[in-house]
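Walk through this structure with the coordinates open beside you.

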Amino acid sequence: MLSCDQTAELAVALCATAETLGQTLSANAAALMAQDLADYGMDDLASALQACRRELTGKLTLAAILQRIQAADGRPDPNEAWSIALAASDEAESVVLTEEIRQAMSASAPGMAQRDKVGARMSFLSAYQRLVDAARRVGRPVVWSLSMGHDPQRRVAALEEAGRLGRLPAPELQQQIRRLAHEPMTQDGAAIAGLITGRAGTPSPKVRQKLQEVRAVVLANQRAA
């Protein structure tokens, strides 16, 4: 939230920006616009006004400023968000996604379950845009987090990609990578490793059944040999 002095400075900057576009902005209009923009940071506002001076060919409007602030908030556009959601729907895949993508995936889940990809996409896009608009109205910053899949190798790869794209700050990125590197072996992993090392382990019922099936096939092949 801007202070009173910062809001006054913003009003002056709005008048100056309007003047560069060949527009005269009254003090009252500038003050009202500044109040509507007071929830945003000065750095974001300065970048948005610079973009307006470079890009606008018409009048300076509140909508034009907000559009440029929101475009720089780090949230992916709806089509990119859908691509991320599709990747996250693969249980083996690890994906770094936003809270809005995570919530919108719930809206598309029924369509995905029925293999209606078109319907699922439409439901996702509608929900995602609604969630993003709501977050932007209150100035909520984007938050990226890791959705871990079953494949441990893909977890670190997903984090590294998020780091390259600037979606996770370096300290958090390194902390998560270190945590994954020292993550304890799961119950099933220890049981399967025990088959090799000869140490006992207790797998889950699902894995135990699979091991029994594999053992039966191996024995049958040995008898047939």
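Start with a cut-off: a residue counts as buried when its relative accessible area is under 20%, and as exposed when that value is over 50%. Keep in mind that this is a predicted model. Now apply the cut-off to Tyr-128. Its relative accessibility is 1%, so Tyr-128 counts as buried. Phe-124 is buried as well, with a relative accessible area of 0%.

Next, the aromatic rings. How many aromatic pairs does a search of the whole structure find? The search finds two. One is formed by Trp-82 and Phe-124. Their ring centres are 5.3 Å apart, the planes make an angle of 50°, and the pair is tilted. Trp-82 belongs to helix α5, residues 78-88. Phe-124 belongs to helix α7, residues 117-137. The pair therefore ties together parts that lie 42 residues apart in sequence. Both partners, Trp-82 and Phe-124, are buried.

Phe-124 also pairs with Tyr-128. Here the centres are 5.7 Å apart and the planes are at 10°. Planes under 30 degrees apart count as stacked, so this pair is stacked. Phe-124 and Tyr-128 are four residues apart in helix α7, which means about one helical turn separates them.

Turn now to helix α4, which spans residues 62-71. Which of its residues are buried? They are Ala-64, Ile-65, Arg-68 and Ile-69. These residues cover an arc of only 135° around the axis, so they sit on the same side of α4. What do the buried residues of α4 pack against? Their partners are α1 (4-20), α2 (27-36) and α3 (42-55). Look at the face turned away from the buried side of α4. That face carries Ala-63, Gln-67 and Ala-71, which are exposed.

Last, the cysteines. How many disulfides does a search of the whole structure find? The count is zero. A disulfide would need a pair of cysteine sulfur atoms within 2.5 Å. Cys-4 has a relative accessible area of 69%, so Cys-4 is exposed. Cys-52 has 0% relative accessibility and counts as buried.

Technical notes. Residues are numbered from 1 along each chain as its sequence is written. This is a predicted model: local features need pLDDT of at least 70, side-chain atom pairs count only at pLDDT 80 or more; totals for chains, interfaces and linings use all residues. Side-chain values use heavy atoms; hydrogens and water are left out. Buried means under 20% relative accessible area, exposed over 50%, partly exposed in between (1.4 Å probe, protein chains only). Helices (H or I, at least four residues) and strands (E, at least two) are DSSP runs, numbered from the N terminus. The arc is that of the directions from the helix axis to the C-beta atoms. Contact means heavy atoms within 4.5 Å. Rings of Phe, Tyr and Trp (its six-membered ring) pair if their centres lie within 6.5 Å; planes under 30 degrees apart count as stacked, over 60 as edge-to-face and the rest as tilted.
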